[in-house]
Amino acid sequence: MTILASFAVPHPPIILPEVGRGEERKIAATTAAYEAAMKQAAEFQPDTLIITSPHAEMYLDYFHIAPGREAQGNFAQFGASQVKISVQYDRDLAALIADEAEKSGIPAGLEGERNPDLDHGTLIPLYFYRKFGSLEKVRIVRIGLSGMSPAIHYRFGQCIRDAAEKLGRRAVFIASGDLSHKLKEDGPYGYVPEGPIFDRQCTEALGQGDFFRLLTLDHSLCTRAAECGLRSFWIMAGAWDGTAVRSRLLSYEGPFGVGYGVASFLGEGPDPSRKFLRPLLETERKQRAERIAQEDPYVKLARLAVETYIKNHEIAPLPADLPSEMLHTRAGAFVSLHLQDQLRGCIGTFLPTQDCLAREILLNGIAAATRDPRFPAVRLEELPYLEYNVDVLSTPEPISGPEELDPRKYGIIVKSAQDERRGLLLPDLDGVDTVDAQISIARQKGNIAAKEPVNLFRFQVVRHR
């Protein structure tokens, strides 16, 4: 067994006295638990610390492993530039993790680095570790998260474990991640009821070592709670695949509106009952079947369009059993794709461009999967995890001013009075609660300056999820 121990830890910069300047005393229990955890980690005298961080390089469809021989970082962005940390990377282990992932069909590697500096999700565990162990005597592997499924994160954790075993590394795994960011009205991100619910469920699972519960938490709950570290914990769970663990929740606090949990995990030998990949895949399969069974013809057509094109590079024929209104009406439509509750592509038309609504959905679905400039084209292995929304638009109507808008009821088109630039925003979007916000975002999307004269149009949608 070369994963000696693992720790789930938060990364609030305010926990450092140099940053908190007294405020850190409000999370004294977190500090004490952090120190106990990193003291225990250092006592193992590991060869390598494997750190997963939500603030390292993160891609929707790829796990980034930090390349190079060394890295540095500091807390300048938090007003404490004097706090600096330097580390040496375990290049051989990083490379072998990438190789093991490739063999398993998991997109991961050393390419795509945009910022070589250590992120604060990595720096804070190292800050506490160096109180008890020398950073000159340990190597680091730093890994970002992805937008992929729990099963893929779990499998990636298995790859990390396998690579460490092949090299004989004595490794400690540090899963860096805060919990909900929406615990208090006066917190930096506000409050939603799902915040405390998520934190309770997550900390219970961590304290009990119930990795399957972590892997199957309700995705909409996690999204509404604005959690940060769950994907780190998923990878950590995979690194313990088939192993009994002794788990302990060392602390939990959330006085600033963000949940901070510290937990420790020690291996206790093989346990075949703790191989969670197969039941997890079966759970995901059942959930997908239930979703598909609940889809209406609009969403089913969007799914058919995307899956046929990605699998066969063909445009699917229209099904024979479509409702009459899809075949005999024309309307603009937007198709949006989501992966693990994150946007994966969205393309649409605000006026009809095809001979019927069904063909509008068909072609916009393909475009959302392959031509949204914000995202790479959807890959074959992502198809089982995609969720689809279809918004059918009414004909836009001109309005005289903002007083005729309602961001919950109406979408908006802002068109430059000088040329053809325009920006569109659908109605009833999370975080868009005022008309001013709606107009501002639509202006940005149309590259229209804040004070440029514009014409306003509104429309309604029928939303199919």
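Okay, let's start with a strand pair: β12, which is residues 333-339, runs antiparallel to β13, and seven bridges hold the pairing. When I say two strands pair, I mean that DSSP finds at least two bridges between them. And the element names are DSSP runs numbered from the N terminus, with helices being H or I of at least four residues and strands being E of at least two.

Before I go on, a word on what we're looking at. This is a predicted model, so local features need pLDDT of at least 70 and side-chain atom pairs count only at pLDDT 80 or more, while totals for chains, interfaces and linings use all residues. Numbering starts from 1 along each chain as its sequence is written, and side-chain values use heavy atoms, with hydrogens and water left out.

For angles, axes are lines fitted to C-alpha atoms, for helices over the stretch in contact, and the angle runs from 0 to 180 degrees between N-to-C directions. Contact, by the way, means heavy atoms within 4.5 Å.

Now the other four-stranded sheet. That one is open too, with the order β15-β18-β16-β17 and antiparallel pairing. Its edge strands are β15 (397-399) and β17 (422-425), and each of them pairs on one side only. Ignoring direction, neighbouring strands here are turned by 25 degrees against each other on average. Zooming in, β16 (residues 411-416) and β17 make an antiparallel pair over four bridges, where Lys 415 has Arg 422 in β17 as its bridge partner. Helix α14, residues 435-445, lies across β16, β17 and β18 (454-459), and runs at about 130 degrees to β17.

While we're around there, have a look at the loop between β17 and α14, which is where Asp 428 lies. Asp 428 has a phi near 55 degrees, positive although the residue isn't a glycine. Is Asp 428 buried, exposed or partly exposed? Partly exposed, with a relative accessible area of 39%. My cut-offs are under 20% relative accessible area for buried, over 50% for exposed, and partly exposed in between, using a 1.4 Å probe and protein chains only.

Gln 45 is another non-glycine with positive phi, near 50 degrees. You'll find Gln 45 in the loop between α2 and β2 (48-53), and at 62% relative accessibility it counts as exposed.

Packed helix pairs get described by the angle between their axes and the distance between the axes. For α2 (residues 28-43) and α4 (residues 120-129), the axes come within 8 Å and cross at roughly 75 degrees. So α2 is roughly perpendicular to α4; the scheme is under 35 degrees for roughly parallel, over 145 for roughly antiparallel, 65 to 115 for roughly perpendicular, and oblique for the rest. On the α2 side the contact residues include Tyr 34, Glu 35 and Met 38, and on the α4 side they include Ile 124 and Phe 128.

One more helix: α5, residues 150-167. Its 18 residues span 26 Å from first C-alpha to last, close to the 26 Å expected at 1.5 Å a residue, where the expected span is 1.5 Å times one less than the number of residues. Of those 18 residues, 13 are buried, so α5 is largely enclosed by the rest of the structure.

Last stop, Phe 256, in the loop between β10 (243-253) and β11 (260-270). Phe 256 is buried, at 18% relative accessible area. What does Phe 256 touch, leaving out residues up to four places away in sequence? Ile 14, Glu 23, Lys 26, Ile 27, Lys 184, Gly 187 and Pro 188.
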